[in-house]
Every structure is written in structure tokens, then in C-alpha cells.
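The following note sets out a set of comments on the model under review. The points proceed from the overall fold to the ligand shell and then to individual residues.

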Amino acid sequence: MPKIVIIGNSAAGFSCTDTLAKLSAGNEITVVSKDKFLPYRRDNLLEYIAGKIPEHSLYIVPKDYYSVEKITYKAGVEVARVDAKKQRVVLKDNTKIDYDFLIIASGLEPELPELPGTSKDGVVAYSGLEEAKAIIEKLLVVNLACCVGKAESCFKLAKVLLDKGKEVKAIISGTCVEPMQHERLEVISDAQPVEIIGEGPELKALKLSNGKVIGTSMIIFASQNFPSSDFLKETDIVRTKNGFIVVDESMKTNIDNIFACGAVAVNLNSGNQEKDWIDASREGWIIGTNLIGMIEEAPKLK
Ligand SMILES: Cc1cc2nc3c(=O)[nH]c(=O)nc-3n(C[C@H](O)[C@H](O)[C@H](O)COP(=O)(O)OP(=O)(O)OC[C@H]3O[C@@H](n4cnc5c(N)ncnc54)[C@H](O)[C@@H]3O)c2cc1C
């Protein structure tokens, strides 16, 4: 019975898990995810924040999915390192999980900019369900919010906040094909945040590089995302300078029994580096089906 470990439980990781579970019986599958939730539709989070869909509709599977499919699901735990020689994943609490095949679907991580004050209440890096919940809670008491990041992401977020009756300052970088206008929206494209001002944990204002100070108790940083692959530092797995895992057409890394898919993976021969939900899911499915073939052809693993 081959032991398969999958790091990540979102579009790519879940699609791979489900393909293996549905098409190949008898594998020992362990899924490890920093997310403490069941797999959910990250691409529907804005609708959730907008109040258009309830939380339960974000979840892709019912609560008993993992027990029914006989998959070990370790939720809310972080992979600290991979020992490719011993074929072992080591969690932050030092738990070790052995594998025959490792699939890395660890996606992108939000990162707050290196500014004074980012730890204050109401400063959020918009990325996952936990942050979406924090935004919803804060919106109950906030009248003016700042959105900081790429124009397109900021405008999508701004639209939701404006629909909720809020005033929005969008501090944008880059351009957007559909610039946004609204009486309660100010778009600032010629300045960047330099300081987050407040007293103790309380957020009071955002200071910009042009000297302007915006009074606010909520700042949402959108699109500051980097590949989550630091846990591979001690391996020989080839990554790009900025941390994307290099894979071939079959999503294999330079190590034969290690694959990567979704937002964390890059095929240097393909132009598409930014992947949406469908791209990531498709790559998880590719690994799942390829792996089934490999297991069938390697009788000692069966
Ligand atoms: C806010 C937001 C809005 C988006 N909106 C859209 C949209 O409208 N339409 C669309 O098509 N796409 C959208 N996307 C993009 C889409 O969500 C991604 O393409 C997709 O989620 C990529 O899936 P993934 O599985 O590769 O990685 P991710 O979704 O990033 O998932 C990574 C997984 O790995 C886990 N993980 C990471 N590091 C570790 C570790 N060290 N140990 C254990 N687990 C770890 C995480 O917990 C998570 O389960 C959006 C993305 C974001 C962030």
C-alpha cells in the first residue's frame, strides 16, 4: 500500500486527493493543511464577505468526507520541513510522516508589507476564510476602510465594501482594465503606505508616502502573495529565485517521487504563471491520474 502525503487542501491539493480517493483504492493517503477548515472555495470568498452566500456553501465536501474516504486529514497543522532522503514530512510539532509519494500543493501565502504597525487590530492580509471572517466582523463597526494592493484586487474588494455602504480609499499599484469610480471611493495611485499609526493594538490611521494621513480602523492588504515553499529549504528540490517549485509537464519535480501543483508550482516552459481555481484543480487531477498509473506499474508498491 503506497503512502501518499499531500501538503495543501485547497484547489490543487483537494483535487488530487479526491482523484486518488475515487479512482484508486487501497492507498494510504494523508492530507496536511495549515487551514483548519474543510476544503473551501477560496474563489468565492468575496461573495461570502458580501453576504451573498452563507459560510456552509463555501465548503466543497461534507464533514464526514475524510472518514468515508478513509483519508487521514491533519487540519490546522504546518509542515516545517521535508526530508527527501528519508522520504519524510516533518510538522512544526516535530511529528514525522513517511511517504512513498509526496504531492506539494501549498499555494501562495499572504504577506503583510514590512511597515511599522502591521500587527494592529484591523490590519488584514486578504487571502483565506479566516481573514474573510475577520473582515466581516470588523465591517460591523467600521465606516471607512483602506484597500491596498494591485488595482484589480483592490477594486473587487472595494466594490463589496461600497455595496455595504462603506467609504473606501483604494491605494493601488499597477493598472486595471476597468478603472472604478464611485462617490464614496477615492483611488490613490501616486503614493504608497509608509506607516500604520495607532495606540497599542488600536489602529487609527494609515500614513502614505505623499504625507497624507487617512483616519481608519481597517486596512486590507490585497494581493501580497508569495509561494509557500520555505519548508523545502533543506531539500534539493529545484525552485525559482522567488520560491516557485519547478515542475515538468507531468507536474513532477526534479525528484522522482515528489510532485507539485497549483499556485506554488511553475513549469518554466509554459507562459502561464498566474493560476486561477480551475487551473490549480486541473493540475491536482493530472497528478492524481498520473500517480495511479505509476502505482499500477510498480507492483511492489501495491
Ligand atoms: C483572496 C483570493 C481571491 C481569489 N479569487 C479568485 C476568483 O475569483 N477566481 C479564481 O479562479 N481564482 C481566484 N483566486 C485564486 C485561487 O484561489 C487560486 O488559484 C487557488 O486557490 C490556488 O489553489 P492552490 O491549491 O494551488 O493553493 P491555495 O489555495 O493557496 O492553497 C494552499 C494550501 O496549502 C496549505 N499550506 C500552505 N503552506 C502549508 C504548510 N507549510 N503546511 C501545511 N499546509 C500548507 C494551505 O493551508 C492551503 O490548504 C483567488 C485567490 C485569493 C487569495
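**Comments on the predicted model**

1. The secondary structure of the protein chain consists of six helices and 20 strands. Its radius of gyration is 21 Å, close to the 19 Å that the globule rule gives for 302 residues, so the chain is as compact as a globular protein of that length. It should be kept in mind that this is a predicted model.

2. Along the principal axes, the C-alpha trace of the protein chain extends over about 65 × 40 × 40 Å. Of the 302 residues in the protein chain, 36% are buried. Among contacts with a separation of 6 or more, 57% join residues 24 or more positions apart.

3. Helix α1 (residues 11-23) packs with helix α6 (residues 277-297) at an angle of about 35°, and the two axes lie 7 Å apart. The crossing of α1 and α6 is right-handed. On the α1 side, the contact is formed by A11, A12, G13, F14, S15, C16, T19, L20 and L23. The residues contributed by α6 include W277, A280, W285, I287 and L291. Classified by type, the contact of α1 with α6 comprises 12 nonpolar, seven polar and one charged residues.

4. The ligand is surrounded by 30 residues, of which the closest are G8, S10, G107, G262 and D276. At least two residues of this shell come from each of α1, β2 (28-33) and α6. Helix α1 gives the most to the shell, with three residues. By class, the shell around the ligand holds 13 nonpolar, 10 polar and seven charged residues.

5. Which backbone angles call for a second look? In general, most residues other than glycine have a negative phi. K70, although not a glycine, has a positive phi of about 60°. This residue lies in the loop between α3 (65-68) and β3 (72-75). K70 is exposed, because 12 other C-beta atoms lie within 10 Å, and the limit for this class is 12 or fewer.

6. M251 likewise is not a glycine and has a positive phi, here of about 70°. M251 belongs to the loop between β18 (245-246) and β19 (258-260). Is M251 buried or exposed? M251 has 25 other C-beta atoms within 10 Å and is therefore buried; the threshold for that class is 20 or more.

7. F226 is located in strand β17 (residues 225-227). With 14 other C-beta atoms within 10 Å, F226 is partly exposed. The C-alpha atoms of F226 and E109 are separated by 5.2 Å, although these residues are 117 residues apart along the chain. Leaving aside neighbours within four places in sequence, F226 is in contact with L108, E109, E111, N242 and G243.

8. T175 is placed in the loop between β11 (167-173) and β12 (185-188). T175 counts as exposed because it has 10 C-beta neighbours inside 10 Å.

Conventions
Residues are numbered from 1 along each chain as its sequence is written. This is a predicted model: local features need pLDDT of at least 70, side-chain atom pairs count only at pLDDT 80 or more; totals for chains, interfaces and linings use all residues. Axes are lines fitted to C-alpha atoms, for helices over the stretch in contact, and angles run from 0 to 180 degrees between N-to-C directions. Helices (H or I, at least four residues) and strands (E, at least two) are DSSP runs, numbered from the N terminus. A crossing is left-handed if the near helix is turned anticlockwise from the far one by less than a right angle, and right-handed if clockwise. Two residues are in contact if their C-beta atoms, placed from the backbone, lie within 7 Å. Ala, Val, Leu, Ile, Met, Phe, Trp, Tyr, Cys and Pro count as nonpolar, Asp, Glu, Lys and Arg as charged, and the others, Gly among them, as polar. A residue is near a molecule or strand if its C-beta atom, placed from the backbone, lies within 6 Å of it. The radius of gyration is taken over C-alpha atoms; the globule rule is 2.2 Å times the number of residues to the power 0.38.
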